[in-house]
Amino acid sequence: KKKYNLGKVVFVADSGLLNKANLRAMDESGFKYIVGARLRKMKSEIQKKIHDTKNYISHNDGEDKIGLASFEIEENKILIISRSEKRAKKDAHDRSKAISKLRKKLKKSKNPKELISKGNGNFLKIEGDTELQIDDEKCEQAALWDGYHGVITNDSEMTAEEALRHYRGLWQVEESFRITKHDLKVRPIYHWTPNRIRAHLAIS
């Protein structure tokens, strides 16, 4: 910030940055941020607000019509929620597809417990010593969150639409990571010093 004489700085990151130490560090440094929210891990009273349709206003977002809501969850921390019918359909379709694949694997697998470690634990439960089953209750709970997306910001001057637009810009960063990792085939990197890392990238 000093080097380039920057004014306002806003960090934008996915929910991997969402922990108290990181947010506190940015608050203390005077930086603004927009980070992805983990809605299912919010307190129950906040989850009730998220699912209360009276808190939403309608907003046209290109070809998609979404509902927008925002409320303060802590001092200087604002939770912004969007709910999209388009996203809800996609979430439901993706879950249905995942469960369908899981049912097929459960029929074939000689050791069903192996499936838990492959990211399927959200929809499974263990019956007895060895039997795995689809957990219908977990599937129903997951369906309640179809179409919802949230971000947390400490920038009270920014509108909900602006915050979501900035957050969506992360795809450009993600795309550049994918190109670097896959198209340039720079992985794996075992260097720690800046000069060695630059040299590795330059060679790739």
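Where in the chain does Asn5 have its place? You'll find Asn5 in the segment before β1 (10-13), and the legends below take you there and to a few other spots. This is a predicted model, in which local features need pLDDT of at least 70 and side-chain atom pairs count only at pLDDT 80 or more, while totals for chains, interfaces and linings use all residues. Residues are numbered from 1 along each chain as its sequence is written, and side-chain values use heavy atoms, with hydrogens and water left out.

**View 1. The whole protein.** Here you have 7 helices and 8 strands. Helices (H or I, at least four residues) and strands (E, at least two) are DSSP runs, numbered from the N terminus. Of the 204 residues, 31% count as buried; buried means under 20% relative accessible area, exposed over 50%, and partly exposed in between (1.4 Å probe, protein chains only). Take the contacts between residues at least 6 apart in sequence: 49% of them join residues at least 24 apart. A contact means heavy atoms within 4.5 Å.

View 2. Most residues other than glycine have a negative phi. Asn5, though, has a phi near 55 degrees, which is positive. Asn5 counts as exposed because its relative accessibility is 70%. Now look at Asn76, in the loop between β4 (64-74) and β5 (77-84). Its phi is also positive, about 65 degrees, although Asn76 is not a glycine. With 49% relative accessibility, Asn76 counts as partly exposed.

**View 3. Both ends of helix α1.** Helix α1 covers residues 20-29, and at its start a side-chain oxygen of Asn19 reaches to within 3.1 Å of the backbone nitrogen of Ala21. After α1 comes Gly30, with a positive phi near 80 degrees.

**View 4. Helices α3 and α4 side by side.** The axes of α3 (residues 85-108) and α4 (residues 136-143) come within 12 Å and cross at roughly 165 degrees. Axes are lines fitted to C-alpha atoms, for helices over the stretch in contact, and the angles run from 0 to 180 degrees between N-to-C directions. Arg95, Ile99 and Arg103 of α3 make the contact with Asp136, Cys139, Ala142 and Ala143 of α4. Sorted by class, that gives 4 nonpolar, no polar and 3 charged residues. Ala, Val, Leu, Ile, Met, Phe, Trp, Tyr, Cys and Pro count as nonpolar, Asp, Glu, Lys and Arg as charged, and the others, Gly among them, as polar.

**View 5. Leu106 in helix α3.** Leu106 belongs to α3 and, at 19% relative accessibility, counts as buried.

View 6. His149 lies in strand β8 (residues 148-153). Why does His149 count as buried? Its relative accessibility is 19%. Not counting residues up to four places away in sequence, His149 touches Leu39, Ile80, Ile81, Ser82, Arg87, Leu164 and Tyr167.

**View 7. Met158 in a loop.** Met158 is in the loop between β8 and α5 (160-168). It has 14% relative accessibility, so Met158 counts as buried. Leave aside its neighbours within four places in sequence, and Met158 is in contact with Val10, Ile34, Ala163 and His166.

Notes:
Polar contact = N/O pair within 3.5 Å; in protein donor to acceptor, adjacent residues only side chain to side chain.
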